[in-house]
Amino acid sequence: MERQTVNKLNRRLLRNFQAKKSDLAESEVRILSKLFYDEQHFLIEKEALFLKTPQPIAFSSEIPEPNSYLALEVLNIPIVLTRDHLGVLRAFINACIHRGGKVAEGAGNAKKLICKFHGWSYTMDGSLIGRPQESCFSTEKPECSLIEMAVCEACGIVLIGLTEDVAVSPEDAGFNEIAEELSGFEFKHYRFIHRKEYEVAANWKLINNLSLESYHFATLHRETVAKVLSSSSIFDTFKRCSRWAFPLLSIERLEKLDESDWPKTIEGSCTYTLFPGVMVIVNASGAQMIRTDPGEKPNSTRVSYIGLAHPDATEEAAQGAYEFGGKVFEEEDLSAAIHCQKGLESSKQDLIVGTNEPLLQFWHRLWSDATR
Ligand code: FES
Ligand SMILES: [Fe+2]
């Protein structure tokens, strides 16, 4: 991030911190509770927000070098990302052309992918190169390549098209306006730490909402986050993405320094939200991604939590930040989302979203516009 931008954001954070306030929306809004449990609406959302839109699904540094691969599921679609010997990134449906078995599991480094079921093998560019008992098959090998999906890398983030005809670029994905800023972090040079997945009994939007407001810090995170971070947040919205930041309690130290001596990074944590709601959280020791994929029902979600270490951060600091964030997210945030889901399904009361939850308002408006 450019020095000028960092200083500007730190200035705004310091101002809000000292005034003990956050950037606010203009007025309170209501959000229909049925948007979180209505089956019909759920299917419309899946189609419009996930299947027909490019999806940020991973950090480039999860598949860092030639011949690396990463198998994952997005919306129950098995996918394998590969780099060939030249480092070219590709994406395939992780389904063997023989009878649909998985050709890769987890992540690693290999020159070819081998299906565990009967041993068909594929090069990293998806071509079938071997099959046991070859003489039993008459379909030519070139007709048995893995099914390729549209994929691209931008700002150190992998974008994919889950259905045919979905164009994938930062512009198509809606974060063109902040692409330059995101590129400035150079995530591709960060070290991959870990990818964790959770199955959560709550609507995907309730889980996204957790990372879009700081109103809950002083209560839900009283003993954890609130001990180090202030809830005095700032936010900026763009056409289809947002930036939200909140300061460390130590931000007051900047008051005593000349701006030219201010840190090169934000004195706090900054979350970029990419359409349809993928969180990219950046702090001094690294970056994390939180992705929510709707499951089979409105109240089921698969959450991926991925951690990277900043090249200058010690292993201990980066791992510590990833684990601390994960623990709070799992034990405090996700539990709250599960309770809210049950509560909304039972009470059927529409949500009341205050002026102090501006990004909830913004994202619900975007989701509703896209599904109208
Ligand atoms: S399903 Fe892959 S080798 Fe048979
Ligand atoms: Fe939280």
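**Strands and hairpins**

Tutor: Let us begin at a turn: strand 4 and strand 5 make a hairpin with five residues between the strands, and there Gly-87 has a positive phi near 95 degrees. Strands here are DSSP runs of E of at least two residues, numbered from the N terminus, and two strands pair if DSSP finds at least two bridges between them. Please keep in mind that this is a predicted model, in which local features need pLDDT of at least 70, side-chain atom pairs count only at pLDDT 80 or more, and totals for chains, interfaces and linings use all residues. Residues are numbered from 1 along each chain as its sequence is written, while chains are lettered from A and ligands numbered from 1 in the order in which they are written.

Student: Ok, how many bridges join strand 4 to strand 5?

Tutor: Five bridges link strand 4 with strand 5 (residues 89-93), and the two run antiparallel; Leu-81 has Ala-91 of strand 5 as its bridge partner.

Student: And which residue stands opposite Ile-79 in strand 4?

Tutor: That is Leu-72. Strand 3 (residues 68-74) is joined to strand 4 by six bridges, again antiparallel, and these two strands form a hairpin with two residues between them, where Leu-75 in the turn has a positive phi of about 55 degrees.

Student: Is strand 4 mostly covered or exposed?

Tutor: Strand 4 (residues 77-83) is mostly covered, since five of its seven residues are buried, a term that requires 20 or more other C-beta atoms, placed from the backbone, within 10 Å of the residue's own.

Student: What order do the five strands of the open sheet take?

Tutor: The order is 6-3-4-5-10, with antiparallel pairing, and the edge strands are strand 6 (107-109) and strand 10 (148-149), each pairing on one side only.

Student: Switching topic, what is the order in the sheet of three strands?

Tutor: That open sheet runs 7-8-9 and its pairing is antiparallel. Strand 7 (112-114) and strand 9 (128-130) each have a single partner strand, so one side of each lacks a neighbour in the sheet.

Student: Which residue is the bridge partner of Leu-113?

Tutor: Tyr-122 in strand 8 is its partner, and three bridges join strand 7 to strand 8 (residues 121-123).

Conventions
Buried ≥ 20, exposed ≤ 12 C-beta atoms within 10 Å, placed from the backbone. Helix = DSSP H or I, 4+ residues; strand = E, 2+ residues; numbered from the N terminus.
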